[in-house]
Amino acid sequence: MISDEKGAPPETHEYASPPCFMHELSPDYQAQAVSRDRWPDVTRWRKAERTRLIDERLLVGAEERTAKSERIAAALDEAIGKVSGRLVSVYWPFRGEPDLRNWAVRVIMRGGRIALPVVIQKAWPLEFRVWSPGDPLERGVWNILVPSHGPAVQPDVVIAPVVGFDDANYRLGYGGGFFDRTLAAMPRRPLVIGVGYTGSRIPTIYPQPHDIPMDVIVTDE
């Protein structure tokens, strides 16, 4: 197995100071609308929460991470069902994300195809390219390996790693908005599955109008 590449995506439109209003909201808040004048506070809170969650998952040892990833893979089989003839987009893991590369190979062995997301340009939707073991890869944005060539394809299933998630299936990502932008631009809605560790669950991400919920969140429990 190829080891994870290190690197950190830059925060997009984020602020450095902590939020000033989160303590004012009800603890059982889920997906109520946050007024526009408080969006900067949500952004600051997300940045702090993102840092906390990534730091926590980086503390997980390699053996435990492998075990968690295998449990997530088993749950994906149940969530997706038949993969033969379907195009499934996964991701190349970094910064402690669940590693689904072995599972992706098994999808191919069962008659499915695998695609990987590629960042084309800041503020653009992602592009998906078909990948199989042995295909040439190159280092893309944030030093993540991506297919070096190939036409853009439309996945039937999109698997998105989460930094955090809530009970409404909203995903806290890295702050670039790539997955939300991509889903909004797709001509046909795929099955969208967020994957992450159980410890990444939070009461709410304070969803904003541009946030698109996952169809389901799959974890290691």
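Read along the sequence, the chain runs α-α-β-α-β-β-β-β-β-β-β-α-β-β, which comes to four helices and 10 strands. Helices (H or I, at least four residues) and strands (E, at least two) are DSSP runs, numbered from the N terminus. This is a predicted model, in which local features need pLDDT of at least 70, side-chain atom pairs count only at pLDDT 80 or more, and totals for chains, interfaces and linings use all residues. Residues are numbered from 1 along each chain as its sequence is written, and side-chain values use heavy atoms, with hydrogens and water left out.

Of the 221 residues in the protein chain, 47% are buried (under 20% relative accessible area, 1.4 Å probe, protein chains only). Among contacts with a separation of 6 or more, 73% join residues 24 or more positions apart; a contact means heavy atoms within 4.5 Å.

The largest pocket holds about 840 Å³ of space. A pocket is an open set of points on a 1 Å grid over the protein atoms alone, where a 1.4 Å probe fits, with protein on both sides within 12 Å along at least five of seven lines; lining residues have an atom within 4 Å of a point. The volume is the space filled by probe spheres set on the points, which are joined across faces, edges and corners.

The lining has 40 residues, and Tyr-174, Gly-175, Gly-176, Gly-177 and Phe-178 lie nearest the pocket centre. Elements that each supply at least two lining residues are α1 (39-58), β2 (113-118), β5 (145-147), β8 (171-172) and α4 (178-185). Helix α4 gives the most, with four residues.

Rings of Phe, Tyr and Trp (its six-membered ring) pair if their centres lie within 6.5 Å; planes under 30 degrees apart count as stacked, over 60 as edge-to-face and the rest as tilted.

| Pair | Centre to centre | Angle of planes | Type |
|---|---|---|---|
| Trp-45 and Tyr-206 | 4.9 Å | 85° | edge-to-face |
| Phe-94 and Tyr-174 | 5.5 Å | 50° | tilted |

Trp-45 lies in helix α1 and Tyr-206 in the loop between β9 (191-195) and β10 (216-218), so this pair ties together parts 161 residues apart in sequence. Trp-45 counts as buried at 14% relative accessibility, and Tyr-206 at 8%.

Phe-94 sits in the loop between β1 (87-89) and α3 (101-109), and Tyr-174 in the loop between β8 and α4, so their pair ties together parts 80 residues apart in sequence. Phe-94 and Tyr-174 are both buried.

Technical notes: Buried means under 20% relative accessible area, exposed over 50%, partly exposed in between (1.4 Å probe, protein chains only).
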